[in-house]
Amino acid sequence: MSPEDKCPRTEALSALVDNELPEPERGALATHVTGCAICAPVLAEFRQLRTTFAALPEVAPGIDFASLVDRRIATTAGSAKPLLRPQRWRWWQIGPAALGGALSVSLGVYLGSALMLGSQVTAQPAALQMAAFTAIPPGALCPVMQVCNSTGH
Amino acid sequence: MNSMLGSDGSDDDWVRRAQAGDLKAYSEMVKRHQDRVFRYLLRMLGSHEDALELTQEAFIKAWQALPQWQPEAQFRTWLFRIANNTALDALRRRKLVEFVPLEDSFDTPGSEPDPERQAQATQEVRQLEANMKKLAPEHRQILLLREVEEMSYEEIGRVLSLSEGTVKSRLARARAALIEIYARSRP
């Protein structure tokens, strides 16, 4: 059986060892542990673990990582500056562009409408416009006099 | 420029300089934290060579991520977060589930005058190392951060992206699991 199965207060005992229990709870648990045959050995085991961890030898790499990292940054990263993260897309960033686009379209529509309106005002009668395509050029004499004179005029 | 700051400036000052592209300032940060990062990675991975390689990798990742560092974050916990992710990536990539025993060169320092006591301490340390290799990585990492790096629950939470409540319960489970391994290994 694990200590968790045996003792319902394992989590609190672990926090007690870490000195991470708030004071009222800490005092109450400490009092409980002194008289509890289940909690006391668990707490002792947790404390023993801490002692053994503290006895772990100090380990040192024995090399200077700073120069190695410097070299690797210079060669692999190819830049003397930290990499800037690519800009994330944000909806408000397109605001100015969208506004400019909308204004351009509106201006285009307005100018187009004004042009169309102006052309209507100055439009010549359709008959006059089509006169350029008739058989008789504008201002010319009638080429077939007989036709013209068929009525006797 | 560096002489203005001196090597005793706070981490934040040096990191800000490094953020601006000062590689010498970053070198100072590497010197300050390299032993802790190496020690953590060595005990997570159990291999001296892997720890050497991944320590460099972690520092390079940290350099590349420096623009995202915020002054509210303690540099040490921020760096450990990167180192921890680097270790987990390596464990997944290489499927290093087995924890290789530490090399003989990392014996307990001979400060203990009593040879019998020294031998017992060495035996306890070896047993702890052997039992740690049987722990799940998430239990091993949280125990190392607490017991070796002496981080608070809040700091561990930042490194592992966990709430303090989860840190508390996971630490208890990790300890219980380690004690269970001890119990099973006893003759």
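**Figure 1. The loop between α7 and α8 of chain B.** B:E150 is found in the loop that lies between α7 and α8 (153–160) of chain B, and the view belongs to a predicted model, as do the views that follow. The phi of B:E150 is near 55°, a positive value in a residue other than glycine. Most residues other than glycine have a negative phi. With a relative accessibility of 62%, B:E150 counts as exposed.

**Figure 2. A loop residue of chain A with a positive phi.** A:N19, although it is not a glycine, has a positive phi of about 60°. The residue belongs to the loop between α2 (10–17) and α3 (23–35) of chain A, and A:N19 is exposed there, with a relative accessible area of 54%.

**Figure 3. The packing of helices α5 and α7 in chain B.** Helix α5 (residues 75–94) of chain B packs against helix α7 (residues 137–148) of chain B at an angle of about 155°, and their axes are 12 Å apart. That angle makes α5(B) roughly antiparallel to α7(B), and the crossing in which α5(B) passes α7(B) is right-handed. On the α5(B) side the residues that take part are B:F80, B:N84, B:L88 and B:L91, and they meet B:P137, B:R140, B:Q141 and B:L145 in α7(B).

**Figure 4. The packing of helices α3 and α7 in chain B.** Helix α3 (residues 23–45) of chain B also packs with α7(B), here at an angle of about 145° and with the axes of the two helices 10 Å apart. As α3(B) passes α7(B), the crossing is right-handed. From α3(B) the contact draws on B:R39, B:Y40, B:R43 and B:M44, while α7(B) contributes B:P137, B:R140, B:Q141, B:L144, B:L145 and B:V148.

**Figure 5. Two cysteines of chain A.** The structure holds zero disulfides over all chains. A:C36 is accordingly in no disulfide, and the nearest cysteine sulfur, which is that of A:C39, is 3.5 Å away; a pair of cysteine sulfur atoms has to be within 2.5 Å to count as a disulfide. A:C36 is buried, with a relative accessible area of 13%, and A:C39 is buried as well, with a relative accessible area of 1%.

**Figure 6. Chain B as the setting of the helix views.** Chain B has nine helices and zero strands, and its elements, read from the N terminus on, run α-α-α-α-α-α-α-α-α. Of the 187 residues of this chain, 51% count as buried. Among the contacts in chain B with a separation of 6 or more, 64% are accounted for by residues 24 or more positions apart. The accessible surface of chain B comes to about 8600 Å², and 49% of that surface belongs to carbon and sulfur atoms.

Figure 7. Of the 153 residues of chain A, 20% count as buried. Among contacts in chain A between residues at least 6 apart in sequence, 47% join residues at least 24 apart. Chain A exposes about 10900 Å², of which carbon and sulfur atoms supply 65%.

Notes
Residues are numbered from 1 along each chain as its sequence is written. Chains are lettered from A and ligands numbered from 1 in the order in which they are written. This is a predicted model: local features need pLDDT of at least 70, side-chain atom pairs count only at pLDDT 80 or more; totals for chains, interfaces and linings use all residues. Side-chain values use heavy atoms; hydrogens and water are left out. Buried means under 20% relative accessible area, exposed over 50%, partly exposed in between (1.4 Å probe, protein chains only). Helices (H or I, at least four residues) and strands (E, at least two) are DSSP runs, numbered from the N terminus. Contact means heavy atoms within 4.5 Å. Accessible areas come from the Shrake-Rupley method with a 1.4 Å probe; for residues, only the protein chains shown count as cover. Axes are lines fitted to C-alpha atoms, for helices over the stretch in contact, and angles run from 0 to 180 degrees between N-to-C directions. Angles under 35 degrees count as roughly parallel, over 145 as roughly antiparallel, 65 to 115 as roughly perpendicular and the rest as oblique. A crossing is left-handed if the near helix is turned anticlockwise from the far one by less than a right angle, and right-handed if clockwise.
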